[in-house]
Amino acid sequence: MDDEELEVSDEDLEQLYDDKGYKTLKMVKKEISNQRSKINVASLFFMAAGIFLLRVFIYHDNLVVMNINAISSFTALAIAIAIYARIINKEKEYLKNKDYDEAALKYLHKLSDKYIKKTFNTLGFIFIVIFALFINNMSMILGGTIKLREIWMVTASVVVISEIPVYFHIENILCSRLIQSRINIPDHKKVVKHIKYYWALSGFYWVGGMVSIALFKKKVDHITGVYIELALVYILLVFIYNVTLRKKLTYKNIVINYPKIALYMSLAILTAFAQYMQRDTWYTLPYISTTPRVEHPLDKIEYDDATGVYTITAKNDEFKILQLTDIHLGGSLYSYKEDMLALKTVYAEINYTKPDLVVVTGDLTFPVGVMSMSFNNTAPVSQFAQFMRNMGIPWVFTYGNHDTESLATGSTSDLDSLYRSLSFKTSGTLLYPYSQQKLTGRSNQLIELRNADGSLNQAIFLIDSNAYTGDGLNEYDYIHDDQVAWYEENIKRLEEEEKKNISSLVFFHIPLQEYKTAYELYCSSSSEVKYYFGENNEKVKGKVSCSDYPSGLFDKMVELGSTKAAFCGHDHYNNMSLEYKGIRLTYGMSIDYLAMPGIEYDTAQRGGTLITIHKDSSYDIEQVPYEKIK
């Protein structure tokens, strides 16, 4: 039955009574609805009064703030009492006739059961919330992260937070009392007695649990786990109470509500599923742990803490860079097969080419929920770092649009901290800068490649093409003006230091708009572009998934004349290499087995891109298809 307020005119008033003068269901609903709306407001002000009162004690050392909260508490309490007084006066008017027809009486019985049950359920929820917060703070106290003199502040803050379930408890008590005044069942004294017992036993249970934790703290490894166990036992005790003692206060103690059960079960399953998808899972660890070292030239690598620049001094006259892109590690049990295939492909590419440096151009991870059955983007990063460390190959990366998805467990700052912990000083392989320029993007990096005599061979730029603009679904971002200015500044600085025009390479994830322009010119057989190799077989319109926003990077590369080649990923089926306006624009062959439906069965696009740099700064670019080396 719906409880919405009913609009009734004076002319229809007599229809609210039957021929015997009993109140009908329609009139009772109207009265209850009017009263309950006032109860909701009164409960809100009672809760506000409690919060302001607690803030008086929290800010007792600030007289001005304390007085403001004291006045606010008194005002809220006065308003709540005034509203409740109005409820009582109105109820006296309604109770002049307490004779109800059968339908109205059944309705009141149903409401009585409803509010009795909710009164005790919200009371149990209050205990769970309060002691969850108390035990959390106890863990800090026992762990030494909070001082004893701060306990009061913590306690008061906990109680403030618990005021939210208190609001619902007050509302349920007042509504229950309202119904009891009409049908005199259950007896009010009996209800009060049960509430007192509930408070006493619950308090004894939880305080006993806290004392036990304190006494046996040396034997407790995880206080949170102990609390969860205490909460589960408490919920079981509440259930036992509901099916035994509470039946003395209700007409129908247990009513099976299948839609509500289905809703709660669905929420529980979804919550458990979401928690599962955030877990660190290491199913690929046995394979990673047994990955052998790959023999390769041991070049000299130095890091400048002041500039955040790594310098690699090549041992041989040839320096090989292997570009890998869109590896898309899911990190879940669901993606285990695809993750293993991806890692084995990466190993095969590295073992075959034996590069001096691996550059991953974005989308190392794939934390997108149902597609990978994981939101975790930190475990795959740690796994891949260990994988590369075992092979002993230096590596760098640019971020892709999927690496820091909005629902991913690790934020940009989380990943930054993780990468720093895994970087060169720890691993000897990951060349991640410990200090970075304040630019748009999650990481922008310069690596100087030098010949054995110390002369600069190449400036290697790793530029974040960012992820999404926020303007719509999959609206890709671009390389911003401040990043372009940083690129220009470093080119000019190096040219001034070297007293010559330098050579440079640029790596990023999302293709520039000029990739699309060059491809369209190629399709029209224009002489403005030069074709080297590869195909663009991406299924999107136009074949190139670039941003709708133009970046100034390409024009700046043309203007400065330093960069002769740029490399990207992002479009998994594209691997074409075209030269446009003197700059070679190359798509790296992708690794992905997971992110696109059916891609695990496709082979032509999978592999790596090998860039061989010679002593005179010239270079060769070739594809290394996986199907030809496996």
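1. Ground rules. This is a predicted model, in which local features need pLDDT of at least 70 and side-chain atom pairs count only at pLDDT 80 or more, while totals for chains, interfaces and linings use all residues. Residues are numbered from 1 along each chain as its sequence is written, and side-chain values use heavy atoms, with hydrogens and water left out. Helices (H or I, at least four residues) and strands (E, at least two) are DSSP runs, numbered from the N terminus.

2. The nine-stranded sheet. This sheet is open and mixed in its pairing, with the order S1-S2-S6-S7-S8-S10-S12-S11-S9; two strands pair if DSSP finds at least two bridges between them. Strand S1 (300-304) and strand S9 (529-533) are at the edges with a single partner strand each, so one side of each has no neighbour in the sheet. From one strand to the next, the twist averages 20°. Axes here are lines fitted to C-alpha atoms (for helices, over the stretch in contact), and angles run from 0 to 180 degrees between N-to-C directions.

3. Strand S12 and its partners. Strand S11 (residues 577-580) and strand S12 (residues 583-587) run antiparallel and are joined by four bridges, with Glu 579 having Arg 584 in S12 as its bridge partner. The two strands form a hairpin with two residues between them, and Lys 581 in the turn has a positive phi of about 55°. S10 is joined to S12 by four bridges too, but those two strands run parallel; here Phe 567 stands opposite Thr 586 in S12.

4. How enclosed is S12 by the rest of the structure? Five of its five residues are buried, so S12 is largely enclosed; buried means under 20% relative accessible area, exposed over 50%, and partly exposed in between (1.4 Å probe, protein chains only). Ile 583, Leu 585 and Tyr 587 point one way from the strand, Arg 584 and Thr 586 point the other way, and all are buried.

5. Helix H15 (residues 513-523) lies across S9, S10, S11 and S12, and runs at about 95° to S11. Contact in these notes means heavy atoms within 4.5 Å.

6. The five-stranded sheet. A second open sheet, again of mixed pairing, has the order S5-S4-S3-S13-S14. Its edge strands, strand S5 (395-398) and strand S14 (619-625), each pair on one side only. The average twist from one strand to the next is 20°. Strand S3 (residues 319-324) pairs with strand S13 (residues 607-613) in the antiparallel sense over five bridges, and Lys 320 has Thr 612 in S13 as its bridge partner. H10 packs on this sheet, where it touches S3, strand S4 (357-361), S13 and S14, and its direction makes about 165° with that of S3.

7. H10 against H11. Two packed helices are described by the angle between their axes and the distance between the axes. For helix H10 (residues 336-353) and H11, the axes come within 12 Å and cross at roughly 30°. Leu 343, Val 346, Tyr 347 and Ile 350 in H10 meet Phe 384, Phe 387, Met 388 and Met 391 in H11. By class, this contact has eight nonpolar, no polar and no charged residues; Ala, Val, Leu, Ile, Met, Phe, Trp, Tyr, Cys and Pro count as nonpolar, Asp, Glu, Lys and Arg as charged, and the others, Gly among them, as polar.

8. H11 against H12. The axes of helix H11 (residues 379-391) and helix H12 (residues 412-422) come within 11 Å and cross at roughly 20°. Val 381, Ser 382 and Ala 385 in H11 meet Leu 415, Leu 418, Tyr 419 and Leu 422 in H12, a contact of six nonpolar, one polar and no charged residues.

9. Two loop residues. Asp 326 has a positive phi near 50° without being a glycine; Asp 326 is in the loop between S3 and H10 and is buried, at a relative accessible area of 0%. Lys 499, also not a glycine, has a positive phi of about 60°. Lys 499 lies in the loop between H14 and S8 and counts as exposed at 70% relative accessibility.
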